[in-house]
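I opened this notebook to keep track of what I looked up in one structure, going from the whole chain to single residues. The entries follow the order in which I looked.

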Amino acid sequence: MSKPKVLQILPMYHEAAEKILNNKAEVIRTDDYSMENLCELVKAVDAVVLRAPARIEKEVIEANPHLKVISGAGVGLDNIDVAYATKVGIPVLHAPSVNKVSTAEHTVMFIMALSKSLLNFHKEMEKGNFDSRNRISTQELKGKKVGLIGFGSIAQEVAKRLVYGLDMKVSAWVREVSPTKQKKANDLEVEITDDIKKVFAESDFISIHIPLNEETKYSIDNALFSLMKPTAYIINTARGAVINQEDLYTILSANKIAGAALDVYEAEPISKDNKLLSLSNVLLTPHVGGTTRESNYIMATTVAQNVINFLNGEEPEFVANPGVFGKVALQELDRKKNEVSATSINTVHSWSE
């Protein structure tokens, strides 16, 4: 049986994943993620694997009516038109939660760096200003309150480290306080609430942990910033566009809050003329929160094997839109399972959301 064909857009997060793809599939590799190029290359493949900033829009999916599966190279899916893929019965795969420890550690690092004025001290030491120790203040984290916006797997890892490691108080905002979330909050000694204004008003640090979608885009704006303490900080290791960047710049430049730490941006890579770069109360990193050596390996190999498993007729481990398996993709999956093993029993599998 011939190997399936996979379009790989940009490098995977670890070379081990590329070896998996190349051993099990015929890979068409490109770094040109222009719409024109992708619409042409996709015509010849069974699957697409991509990482940001490349995007798979409706036009690319339409260019190949026989496309079987699309996969992000990591956790996020905001660069894939999941809604349209679902409409036409194409599974969208990814690797959720595999970088939760790395991202949580990055968030905690931001909190510690901000509280100890690490960036300011480093800049002063570069100038030889040892007496900056008498001018720049720091603070202890014990007893301070962190407000988590969202309470998914990453936020829970953050809470664990803050409560049990740093003796901090933690609250978490969710849209709805379900019994499951309440139990998890109780286990982690976290106050959970559906009142986002309360979280912003009471916290010494706000940390963003919500996905980017139509509902959350620009949802963190001046209306919420204006509730923050003047001594409070905001941290974002989720997605850049959940924060209104103009509103954030305005409140930071006016020193109405103490500062911010950002790992993600609405447009990446961040432009050299981005106004946030001109501020002294902002700590910036280039979207590396979830990309440690350890998480890169797990994330990339999980994605690669997940795609190969699906193309070989096996049940994929991580599916962002499992509802498609009740449609066309289920029939295709069964057909391919029969191709892989002539002796296999023709069993229909289903996956619930």
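Entry 1, helix H12. The model is a predicted one, and I began with H12, where 14 of the 19 residues are buried, so this helix is largely enclosed by the rest of the structure. H12 covers residues 293-311 and reaches 27 Å from its first C-alpha to its last, which is close to the 27 Å expected at 1.5 Å a residue.

I then stepped back and found 13 helices and 12 strands in the chain. The radius of gyration is 23 Å, close to the 20 Å that the globule rule gives for 353 residues, so the chain is as compact as a globular protein of that length. Along the principal axes, the C-alpha atoms fill a box of roughly 75 × 45 × 35 Å. Of the 353 residues, 46% are buried, and the chain exposes about 17,500 Å², of which carbon and sulfur atoms supply 50%. I also looked up the contacts between residues at least 6 apart in sequence, and 61% of these join residues at least 24 apart.

How many aromatic pairs does a search of the whole structure find? The search returns 2. In one of them, the ring centres of Phe205 and Tyr233 are 5.5 Å apart and the planes stand at 15 degrees, so I recorded this pair as stacked. Phe205 belongs to strand S9 (residues 205-208) and Tyr233 to strand S10 (residues 233-236), so the pair ties together parts that are 28 residues apart in sequence. Both partners fall under the 20% limit for buried residues, with Phe205 at 1% relative accessibility and Tyr233 at a relative accessible area of 14%.

The pair of Phe310 and Phe325 is tilted, with 6.3 Å from centre to centre and 55 degrees between the planes. This pair brought me back to H12, since Phe310 lies in that helix while Phe325 is in the loop between H12 and helix H13 (328-340), 15 residues apart. Phe310 is buried, with a relative accessible area of 2%, and Phe325 counts as buried at 2% relative accessibility.

I looked at Tyr13 next, and the charged end of Arg51 sits over its ring, 3.9 Å from the ring centre.

Glu59 is found in helix H3 (residues 58-62) and counts as partly exposed, at 43% relative accessibility. When I left aside its neighbours within four places in sequence, I found Glu59 in contact with Met35 and Cys39. Its C-alpha atom is separated by 9.9 Å from that of Tyr84, which is 25 residues away along the chain.

I noted a cis peptide bond that joins Ala52 and Pro53, with omega at about 15 degrees, and Pro53 is found in the loop between strand S3 (47-50) and H3. The peptide bond from Glu268 to Pro269 is also cis, with omega near 0 degrees, and Pro269 lies in the loop between strand S11 (259-262) and strand S12 (282-284).

Glu189 is not a glycine, although its phi is positive at about 60 degrees. I placed Glu189 in the loop between helix H8 (179-187) and strand S8 (191-193), and at 54% relative accessibility this residue counts as exposed. For Asn255, I found a positive phi near 55 degrees, again in a residue other than glycine. Asn255 is in the loop between helix H11 (245-253) and S11, and counts as exposed at 55% relative accessibility.

How values were computed: Residues are numbered from 1 along each chain as its sequence is written. This is a predicted model: local features need pLDDT of at least 70, side-chain atom pairs count only at pLDDT 80 or more; totals for chains, interfaces and linings use all residues. Side-chain values use heavy atoms; hydrogens and water are left out. Helices (H or I, at least four residues) and strands (E, at least two) are DSSP runs, numbered from the N terminus. The expected span of a helix is 1.5 Å times one less than its number of residues. Buried means under 20% relative accessible area, exposed over 50%, partly exposed in between (1.4 Å probe, protein chains only). Rings of Phe, Tyr and Trp (its six-membered ring) pair if their centres lie within 6.5 Å; planes under 30 degrees apart count as stacked, over 60 as edge-to-face and the rest as tilted. A charge sits over a ring if NZ of Lys or CZ of Arg is within 6 Å of the ring centre and within 35 degrees of the ring normal. The radius of gyration is taken over C-alpha atoms; the globule rule is 2.2 Å times the number of residues to the power 0.38. Contact means heavy atoms within 4.5 Å. Accessible areas come from the Shrake-Rupley method with a 1.4 Å probe; for residues, only the protein chains shown count as cover.
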